[in-house]
Amino acid sequence: MARIDDLLRAALIEAGDKPADTAKSDEKKAYSEKISANIALAVADELRERGMKKARPAPPGELGGSGAERRMSGGIGAKKVDVTWSTEESGLILGISIKSINFKDNRTQNFQKNLTNRRGDMLIEAVTLHRRFPYAVLGGLFIFDSGAATDDTAKRRSTLENAHTRFRLFTGRDDPAGRDEQYEAFYFMLLDASSQHASYKLYRVGQPRAEIEFHDLICELVERVAVRNPDFYEYDNGELRSLT
């Protein structure tokens, strides 16, 4: 098991038990925020281990002060970004946006109700950041409860299948002059977690049959950073090496 898997499982278990789908909205909101925040801490921890020493968020005091998520100036306004690595010389180099749908809609009994709104939020975030930092590598991580893969009916596909179709256009930005609303890389996570256990499956958007490891996600983003900044960094077996 890779280091990032240990970090993620501990973070997910620490988030506690998921409220019932029928719980009050503030309970569900608090749980979703906790899941996203804990995953962000685990991912940033792994990035620091891979050479991005000041990646945020971090526990209080670890970076010499507040290690909270960073509010970045963007092309159409400031934006809080879940995971960031930036330097004084280059500004934002890597950003990761994390969103989730953890609860079924009580009426439809599927997970699709807020999918379009969440997509809109993430695309606005990409535009905002790419307008100001066109060379920044942006990763998207959308988390679904594991039930989103099996909520299909005779009349509609599962939420996860629909999501692969709806998000596929917004991944794969390989050129800094590319479309601002695209992410360099976008991933879906299927999550099954409680205070006693945590398991997940991970997929690149548009590839619903090919499960990947979270280690691979991190490697792909780190390598993209090196490709975008060849005078300053190189990719070395999953880590970012400084050339200065």
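Residue L47 touches M52, A55, V83, L94, I96, I218 and V222, leaving aside residues up to four places away in sequence; contact here means heavy atoms within 4.5 Å. The model is predicted, so that local features need pLDDT of at least 70 and side-chain atom pairs count only at pLDDT 80 or more, whereas totals for chains, interfaces and linings use all residues. Residues are numbered from 1 along each chain as its sequence is written, and side-chain values use heavy atoms, with hydrogens and water left out.

L47 also belongs to the largest nonpolar core, which has 43 residues; I39, L47, M52, W85, L94, L141 and F214 touch the most other members. A nonpolar core is a set of buried Ala, Val, Leu, Ile, Met, Phe, Trp, Tyr and Cys residues joined through side-chain atoms within 4.5 Å. Buried denotes under 20% relative accessible area, exposed over 50%, and partly exposed in between (1.4 Å probe, protein chains only). At least two residues of this core come from each of α1 (3-14), α2 (25-49), β3 (83-87), β4 (91-101), β5 (137-145), β6 (185-193), β7 (198-204) and α5 (214-228). The most is given by α2, with eight residues. Another core, of 23 residues, lies apart from it and includes I101, F144, A148 and F186.

The chain contains five helices and 10 strands. These are DSSP runs numbered from the N terminus (helices H or I, at least four residues; strands E, at least two). The 18 residues of helix α3 (residues 115-132) should span 26 Å at 1.5 Å a residue, and the end C-alpha atoms are 27 Å apart, which agrees; the expected span is 1.5 Å times one less than the number of residues. Buried residues of α3 are L115, M122, L123, E125, A126, V127, T128, L129 and H130. L115 counts as buried because its relative accessibility is 0%. Beyond residues up to four places away in sequence, L115 touches I101, F142, F144, T159, A163, R166 and F167. L115 and Y203 are 88 residues apart in sequence, and their C-alpha atoms are 17 Å apart.

Side chains of opposite charge can pair when their charged atoms come close. The structure holds 18 salt bridges, each defined as a side-chain nitrogen of Lys or Arg within 4 Å of a carboxyl oxygen of Asp or Glu. One of them joins the side chains of K18 and D145 (2.8 Å, N to O). K18 lies in the loop between α1 and α2 and D145 in strand β5, so this pair ties together parts 127 residues apart in sequence. K18 is partly exposed at 28% relative accessibility, while D145 is buried, with a relative accessible area of 13%.

A salt bridge also links E125 and K99, with the closest N and O atoms 3.6 Å apart. Because E125 lies in helix α3 and K99 in strand β4, the pair ties together parts 26 residues apart in sequence. E125 is buried at 2% relative accessibility, and K99 is buried with a relative accessible area of 17%. In the salt bridge between D180 and R131, the closest N and O atoms are 2.7 Å apart. D180 is in the loop between α4 (159-167) and β6, and R131 is in helix α3, 49 residues apart. Salt bridges that share partners join R3, D45, E46, E49 and R50 into one network.

Buried residues make up 50% of the 244 residues in the chain.
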